[in-house]
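Please look at the sequence and the 3D view before reading on.

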Amino acid sequence: MHTSRLKLAGAALILAAAATAAYAQPKYGFGTAATPAEIAAWNIDVDRDGKALPPGKGSVAQGHELFAAQCAACHGEKGEGGIGDKLVGGQGTLATPKPVKTVGSFWPYAPTLFDYIRRAMPLNAPQSLTNDEVYAVSAYILNLNGLVPDSATLDAKSLAAVKMPNRDGFVQDPRPDVHNKACMSNC
Amino acid sequence: MPKANATGVLCEICLQENDVTSRQKDSVRESTRRQFIGAGSAMLGGAAIAAASGGKAAALDTPADPNGPPNIPAWMKAPGADAGELYGKPSPFEKKVVRNVPKNLKQYTSASTRTPLQELDGIITPNGIFYERHHGGVPEIDPAQHRLMIHGLVERPTIFTMDQIRRYPSESRIHFLECSGNPGFEAIYGKTASDLVGLTSCAEWTGVPLKLILDDVGLKPEAKWIVAEGADAAALTRSLPIEKCLEDAMLVYSQNGERLRPAQGYPLRVLVPGFEGNMNVKWVRRLHVTSEPAYSREETAKYTDSMPDGTARQFTFYMEAKSIITRPSGTQKIEKGFNEITGIAWTGHGKIAKVDISTDGGKTWQAAKLQEPVLTRALTRFRFPWVWDGKPTVIMSRATDETGYVQPSFEDLKAARGLKSFYHNNAMQPWKVAENGEVSNAHVKA
């Protein structure tokens, strides 16, 4: 009796250990481990608070030059838009019948501007700008929107500190918000 | 018993058949039919058809069909094309069944093209005419060089090759995809079903349940979101809620039996069934497991729904129940008597439960027949027999899904959301039938 109980307990222990191992170990285990260097090279995500912003800095003046050379053909000399989106203006229009949605009027987080320019702009040569250049272009676009002064130089800390006017303008999805009835006659 | 009359669509086919006749005669006379077919691309063939029919119309005095009885059709009198076309194409006479590409866009790198819904049957969209929406063009990716990296809040950050992804147990499922702006609230005046809701398509997808791979790399308890990134020039990123990733999300490598087309994310894409198209990240190369959404440009500046009070709804993932009559629909023409009304319905919230049809402008409704299979988060084909009395009217369809949600009118949506929300317009589509049988969009710009 005692012996069999011990055996049972032992078996349970082994099972528990196996279960733990199964949880910790991959079932299939395909793929190879990603090294920190590989992850750092590919991970260009910048969060809304800018904690993942990279080192570097750029000024409004540098951004002005870069913008004229790399961005103005699509976005206009002063970010007024063209082939590309309008980037400037529209503050105070969101609650009107003709909202104008730009970086200045609509974008809630300044670090997102860095994230997007770095990954996707310019349209014909994405991921070609250095981090310093992305800071500079971001600074210029924010300056055009009156959100940083002409003299500004932005880095990880100062870009994250820029408070965007529409930061609190987003709400969660309330749908279903329309409640139609399946009326069949005399509708 | 209603008499089966030819619909406008059938008449168009008749015209095409006349084209065939002319083309056949010309081609047989000038060379051999096989040489003719072998010589030209579909486009050249189309041009030849137009030229031939134009010429013959004047030359032919007799209305008799030279390929109808008592004549033997020309295509029976000589062998057809050899077997061995390496990748088959549609008949050159189906030249209307192509993507609906908007004209005069500022650029086509970040753009969309539409499925010709009114030309299709059943629930599956052929791969060559699946709708497109790209943000940085269509990359040409060598699958041998493509890598998927999973990192962040996981036990084992891992890099996968395509061969390694394909070693996981896989499954095939039929799901629709729909772009969230389909159409925008201020773009409801299109002429055809494709102009209006052509950013909807449906396919059988094959891939690996994302849960299998996430279990393998080991999610940490704080994992709440997965930021998926495409390997395109937009490096497009969207944040996927972890619940959906563990429920029915897939990493897809095949579509309708063959490998994904480049325009659909070759060699690997995310599929989050029922969620807005943009979240089904194509060319996926990175899954960053996080505790918070990325708040990327595509989920702040874009793909958020602006309300009249100036706020914008964010993370509006699900596509709500929707339907449209594809035949008869805008630009088609019908004749008095029997006409089958058919169309498609779908919902991001599961299965379609019911589709009702009104043929009197919304005063009365009757249930359409849902054609099997009726699948979760897939297009459902509906059919309704109708005898048109020849009087002008308005026809429309209304979908109800398994949650009991009923597709709204555009007026109801507008009352709730205004006209600036752009995305997630799932309104009913009324079609006007004129006395002469011409069908047009009942929404007319004031």
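How many bridges join β15(B) to strand β16 (residues 337–346) of chain B, and do they run parallel or antiparallel? There are 5 bridges between β15(B) and β16(B), and the two strands run antiparallel.

## The model and its confidence

This is a predicted model, in which local features need pLDDT of at least 70 and side-chain atom pairs count only at pLDDT 80 or more, while totals for chains, interfaces and linings use all residues. Residues are numbered from 1 along each chain as its sequence is written, and chains are lettered from A and ligands numbered from 1 in the order in which they are written.

The scores of the model are ipTM 0.89 and pTM 0.87. Confidence in each residue is given by pLDDT, which goes from 0 to 100. For chain B the average pLDDT is 89, and 86% of the residues score at least 70. Within chain B, the highest confidence is in β16(B), at 99, and the lowest is in helix α1 (residues 8–30) of chain B, at a mean of 38. Over residues 1–60 of chain B, pLDDT stays under 50.

## The two chains

Helices (H or I, at least four residues) and strands (E, at least two) are DSSP runs, numbered from the N terminus. Chain A has 7 helices and 4 strands, in the pattern α-β-α-β-α-α-α-α-β-α-β along the sequence. Chain B has 8 helices and 23 strands.

A residue counts as buried if 20 or more other C-beta atoms lie within 10 Å of its own, as exposed if 12 or fewer do, and as partly exposed in between, with C-beta atoms placed from the backbone. By this rule 34% of the 187 residues of chain A are buried, and 47% of the 446 residues of chain B are buried.

## Where the chains meet

Two residues are in contact if their C-beta atoms, placed from the backbone, lie within 7 Å. On this basis, 47 residues of chain A are in contact with 57 residues of chain B. On the side of chain A that touches chain B, at least two residues each come from β1 (32–33), α2 (36–42), α5 (110–120) and β4 (170–172) of chain A. The most come from α5(A), which gives 5 residues. That side of chain A divides into 27 nonpolar, 9 polar and 11 charged residues. Here Ala, Val, Leu, Ile, Met, Phe, Trp, Tyr, Cys and Pro count as nonpolar, Asp, Glu, Lys and Arg as charged, and the others, Gly among them, as polar.

Strand pairing also links the chains. Two strands pair if DSSP finds at least two bridges between them. β4(A) pairs with strand β14 (residues 312–314) of chain B in the parallel sense, over 3 bridges. A:V171 has B:R313 as its bridge partner in β14(B).

## A sheet with strands from both chains

An open sheet of 6 strands has the order β1(A)-β4(B)-β3(B)-β12(B)-β7(B)-β8(B), with mixed pairing. Its edge strands, each pairing on one side only, are β1 of chain A and β8 (237–241) of chain B. Strand β7 (residues 225–230) of chain B pairs with β8(B) in the antiparallel sense over 5 bridges.

Strand β3 (residues 147–152) of chain B is largely enclosed by the rest of the structure, because 5 of its 6 residues are buried. β3(B) pairs antiparallel with strand β4 (residues 158–161) of chain B over 4 bridges, and these two strands form a hairpin with 5 residues between them. β3(B) is also joined by 4 bridges to strand β12 (residues 284–290) of chain B, and this pair runs parallel. The residue B:I150 has B:T158 as its bridge partner in β4(B) and stands opposite B:L287 in β12(B).

## A sheet within chain B

The strands β15-β16-β20-β19 of chain B form, in that order, an open sheet with antiparallel pairing. β15 (322–327) and β19 (369–370) of chain B are the edge strands. B:I324 stands opposite B:I344 in β16(B).

## Backbone details

Most residues other than glycine have a negative phi, and most peptide bonds are trans. A cis peptide bond joins B:N182 and B:P183, with omega about -5 degrees. B:P183 is in the loop between β5 (171–178) and α5 (193–197) of chain B.

B:Y303 has a positive phi, near 55 degrees, and counts as buried, with 25 C-beta neighbours inside 10 Å. A:Q127 also has a positive phi, near 60 degrees, but A:Q127 is exposed, with 12 other C-beta atoms within 10 Å.

Conventions
pLDDT is the predictor's confidence in each residue, from 0 to 100.
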